[in-house]
Amino acid sequence: MRTRLDVAERGVTLLEQKVAILGGERRRLRALAADTGRDWERARLDARTWTLRATLLGGQRSIQQATPDLPATITVVWRTTIGIRYPDSADCTPPRPDGRVVVDSSALVYAQRAHDAAVAAAARHGAALAAVRVIDREFHATRLRAMALRRHWVPSLRAALAKIELDLEEQERAEGVRLKSAMTLARTSERSSSRMSADQSGDV
């Protein structure tokens, strides 16, 4: 029982250390998500503004002609903290221009660059949000486990150990009383035997 209690207490300590580490990483990732969210919002508005300008100058057809057929490539960089894997960042590679893409105005050039920046910002923000979700989930689960051990399992083991120790003390006390009674009885019997022997010798 004492071994089980020691293991449980060490488990609580390790879980609380993990909660502290996850708490720090959680704060960092939330701040990062807020920053990337603001970057994404600015990039989105910038892309929208340049798209409107390009549309006004060349019409919707010019936007379609300047749009590449291939999508951008998103590469997620992963990170591992105390055994937990989550996105650390995301890199965006715009599609390569091909011969079918026609860019016939400076507004379209700026619009294209603005959209590339917006996609990259969206990828970074998405990675940050995904990381926050992973760490949040692990943080809450670990904290619940630590609380359950600290508030319920450890006190239960301590109570059980205290009862066992109390039972052992009572058994030792009872054994001591029995032993003392047996020794007293033995001494009494010995004295009685001695008196009987003396009496018998006197009669002779």
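## Close-up views of a predicted helix-strand model

**View 1. Strand 1 and the nonpolar patch.** Strand 1 (residues 73-81) is the biggest contributor to the nonpolar patch, giving three residues. Strands here are DSSP runs of E with at least two residues, helices are runs of H or I with at least four, and both are numbered from the N terminus. The patch covers about 330 Å² and is formed by Ile-74, Val-76, Trp-78 and Val-119. Patches take residues with over 30% relative accessible area and no salt bridge, joining nonpolar side chains (Val, Leu, Ile, Met, Phe, Trp, Tyr) within 5 Å and like charges within 9 Å. A salt bridge puts a side-chain nitrogen of Lys or Arg within 4 Å of a carboxyl oxygen of Asp or Glu. Trp-78 sits in strand 1 and counts as partly exposed because its relative accessibility is 43%. On this scale, buried is under 20% relative accessible area, exposed is over 50%, and partly exposed lies in between (1.4 Å probe, protein chains only).

This is a predicted model, so to speak of local features pLDDT must be at least 70, and side-chain atom pairs count only at pLDDT 80 or more, while totals for chains, interfaces and linings use all residues. Residues are numbered from 1 along each chain as its sequence is written, and side-chain values use heavy atoms, leaving out hydrogens and water.

**View 2. The loop at Ile-82.** Ile-82 lies in the loop between strand 1 and strand 2 (84-93). Its phi is positive, about 40°, although Ile-82 is not a glycine. Most residues other than glycine have a negative phi. With a relative accessibility of 39%, Ile-82 counts as partly exposed.

**View 3. The largest nonpolar core.** Twelve residues form this core, including Val-19, Leu-29, Ile-84, Tyr-86, Ile-135 and Phe-139. A nonpolar core is a set of buried Ala, Val, Leu, Ile, Met, Phe, Trp, Tyr and Cys residues joined through side-chain atoms within 4.5 Å. Helix 1 (2-65), strand 2 and helix 2 (106-203) each provide at least two residues of this core, and helix 2 gives the most, with six. Apart from this core lies another, of six residues, among them Ala-54, Ala-66, Ala-107 and Leu-108.

**View 4. Around Ile-135.** Leaving aside residues up to four places away in sequence, Ile-135 touches Leu-22, Glu-25, Arg-26, Leu-29, Ile-84 and Tyr-86. Contact means heavy atoms within 4.5 Å.

Notes
Accessible areas come from the Shrake-Rupley method with a 1.4 Å probe; for residues, only the protein chains shown count as cover.
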